[in-house]
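Work through the exercises below with the structure open. Try each task before reading its solution.

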Amino acid sequence: MSERAAAGAGSAARPAAAGGALAPLRVLMLEDSVFDAELLMEALLRAYPHAKVNTVRDEAGYAEALRQERFELILSDFELPGYSGQQALELARSLAPQVPFVFVSGVIGEDNAVELLRQGATDYVSKGRLSRLPMVVDRALREVAVRDGRVRAERALQDNDLLFGRLVDSLADYAVVLLDAQARVLRWNLGARQIFGSVESEALGRGLHEFLTSREGPQPMEWLHASCAGGSFNAQLWLQPLHGEPCWADVVVACLDAETSAAAPPVATSRVRYCLIIRDRTAEHRNAEALRAAVARAEAAQEEMARANEAKDRFLAIVSHELRNPLAAVSFAAQLLQRLATVPERHKDLIPGIRRNVELEARLIDDLLDVSTITSGKLSLRADRLDAASLPAEVGEMMRGALADKKLKLSVRGVAEGAWVRADAARIKQVIANLLRNAIKFSPAGATIRLESEVNDGHFVVRVVDHGIGIAPDALERIFKAFEQADREVARQFGGLGLGLAIARHLVIEHGGMLTATSAGPGQGATFEMRLPLADREETQPLRVAPTLPPAPAAAQGARVLMVEDNVQAAELLMLFLQDYGYVITHAASVAEGLACAAQKEFDIVLTDLGLPDGSGVEIGRALGARLPVVALSGYGSPIDRQRTQAAGFAAHLIKPADPEAVHETLQAALRSAA
């Protein structure tokens, strides 16, 4: 029903007092704010000036009023001190189930409103739109009147009163029309007047088609014929009343004389033949359409977000590749100079410094890619059963160079074996390395960092203890958020992106563990503790075998390598290293050139970049991987890139900038596997 029609129907739903005047509307108002109660009272009295309002402000007064008095309407706030609107609704449905219950609140929200309507609330009104209150109250009172009218109708039907009576005239939300065999109007209720825009006196004796048409689907006369054939007709249609607004309606036609054949010619008679009932569902239909549109928009937004994430991943992968290529050239050049160049004593630290800075930049790229992988939910772990006792010492050995640069000492103490966990060893090493780098970064020169491990209470515990700048209490959790540091001064003084600890915590959580930080405060140092759950004893028992070490990489002995790399400088520098190891190198700068070389000459192994001018190195792996090992050496190093090379049959995947020794070891391992 339209708002205009609803507002006009309110007085018809009110019972009359003695003398013909409207009886005062008895209202129970549950509102703890005096100011809001006054606003509600004013809005209500404008439409119902004789309303009697009993205002209560707490649970006790509300319950007492419900038990002592009878009300025709309950208005309730949603949030009350120590008492919720939902509890108020439950009590009202228990003590006064027939009384309309309307929420009037500024904070209820659409989701809560829908749920409360499902639980029995009649309606809700925002405190910011109190102008709707009279309309909502009118509608609620009409619904009560309709409900009461239905009860009266049942009694009337028991008395064989089939021609409306007070029931049909009180069905304000339903148009009920009785028709004769020629589809002429015999009765026309108040609901029909509101929907069709015509009073009963204008309609009596005239054909239904003069007042109503269907905007789509079958027309009114077809409804009647269908009801004769099947006993009734039901449909939802857009209707166009003669004097009313278009409406989406439920249409029900019952043929009350279905025994007469539908093919028989109509007989002129004033006897009721058809009962037509129409209910205006325009508001509900538009709400449903709005909901469907909102769902479609949400799905489109989700798809757009997915596309944006994919675009971001592609962008980061490209940036990673473009940054790592020149870093690889710088790294190879620095290592070559360190091996071959004669540098004055005063400048001997420059080349190692270049290498350290290259490694730092490469690690920053790795951290950014890790954060992107984590936030997109694409992080994958290769968890195996392993004895993690040796991992802290291995990481400590890896960090010797960084410790020496700052003249720091590392004390390693812990269990030698028996720390069986289910974990990705590379990722756990990454966590411990991030914690050590953090301690190195914030420790003063000459200090000692402790790296401790133990098995305690069903967990493998690793602690990194430093005596550095410490952490303020309010920053102990903030430092584990991406791009966060303890404060701006720390960020300005020590630099960094604030990613290492965030990545470390996420990796530990993915393993089912915990990573925490403690500190006595600024200047008091800090302790970081990683706890990983131990694997089941039965699960680890079969693995208690003596470890075997892989054989050391041998000389290449003239192995023929096809190197596909478009960065000529990086290729030339790496070729110098690999030739020193004994490899015979053939260089190609594109996919096409690489495949052409492979077709003309025999090779033992292929080392290829992925981002090439005329395509992807993955194509080379697909084309050549079946007959000789193919190793990727690329700036593309995300999990997706690794999955692509693995699926294409690559033997290994190295990320730039890679140490020439690591490249040599990887090539040797691939050659051994192929042999």
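The exercises go from the whole chain to single residues.

The model is predicted.

**Exercise 1. The chain as a whole**

Find how many helices and strands the chain has, and what share of its residues count as buried.

Solution. 
- Step 1. Count the elements: the chain has 23 helices and 27 strands.
- Step 2. Turn to burial. Of the 675 residues, 44% count as buried.
- Step 3. Check the contacts between residues at least 6 apart in sequence: 64% of them join residues at least 24 apart.

**Exercise 2. Two annotated aspartates**

Locate the residues that UniProt marks as "modified residue: 4-aspartylphosphate". Decide whether Asp77 is buried or exposed, and do likewise for Asp609.

Solution. 
- Step 1. Read the record. The unreviewed UniProt entry places the feature at Asp77 and Asp609.
- Step 2. Apply the cut-off: buried means under 20% relative accessible area. Asp77 has 7%, so Asp77 is buried. Asp609 has 0%, so Asp609 is buried.
- Step 3. List what Asp77 touches. Leaving out residues up to four places away in sequence, the contacts include Leu30, Glu31, Asp32 and Lys127. Gly85, Phe103, Val104 and Ser105 also touch Asp77.

**Exercise 3. The faces of helix α2**

Work out how the buried residues of α2 are arranged around its axis.

Solution. 
- Step 1. Check the helix. α2 covers residues 34–47, which makes 14 residues. From first C-alpha to last, α2 reaches 21 Å, close to the 20 Å expected.
- Step 2. Name the buried residues of α2: Asp36, Ala37, Leu40, Ala43 and Leu44.
- Step 3. Look down the axis. The buried residues of α2 fall within an arc of 130 degrees, so they line one face of the helix.
- Step 4. Recall the geometry. An α-helix has 3.6 residues a turn, so residues three or four places apart point the same way.
- Step 5. Turn to the face away from the buried side. There α2 carries the exposed residues Phe35, Glu38 and Arg46.

**Exercise 4. What covers helix α20**

Find which elements cover the buried residues of α20.

Solution. 
- Step 1. Pick out the buried residues of α20 (residues 591–600): Val591, Gly594, Cys597 and Ala598.
- Step 2. Find their side. They cover an arc of only 130 degrees around the axis, which puts them on the same side of α20.
- Step 3. Look at the other side of α20, where Ala599 and Gln600 are exposed.
- Step 4. Name the cover. It includes the strands β21 (560–564), β22 (584–588), β24 and β25 (615–616), along with helix α21 (617–624).

**Exercise 5. Cysteines**

State how many disulfides the structure holds. Then test Cys228.

Solution. 
- Step 1. The structure holds 0 disulfides.
- Step 2. The cysteine sulfur nearest to that of Cys228 belongs to Cys255, 3.4 Å away.
- Step 3. A disulfide needs the sulfur atoms within 2.5 Å. Cys228 is in no disulfide.
- Step 4. Check burial. Cys228 has 8% relative accessibility and counts as buried.

Definitions and conventions
Residues are numbered from 1 along each chain as its sequence is written. This is a predicted model: local features need pLDDT of at least 70, side-chain atom pairs count only at pLDDT 80 or more; totals for chains, interfaces and linings use all residues. Side-chain values use heavy atoms; hydrogens and water are left out. UniProt positions are given in the numbering used here, feature names are shortened, and annotations may be inferred rather than shown by experiment. Buried means under 20% relative accessible area, exposed over 50%, partly exposed in between (1.4 Å probe, protein chains only). Contact means heavy atoms within 4.5 Å. Helices (H or I, at least four residues) and strands (E, at least two) are DSSP runs, numbered from the N terminus. The expected span of a helix is 1.5 Å times one less than its number of residues. The arc is that of the directions from the helix axis to the C-beta atoms.
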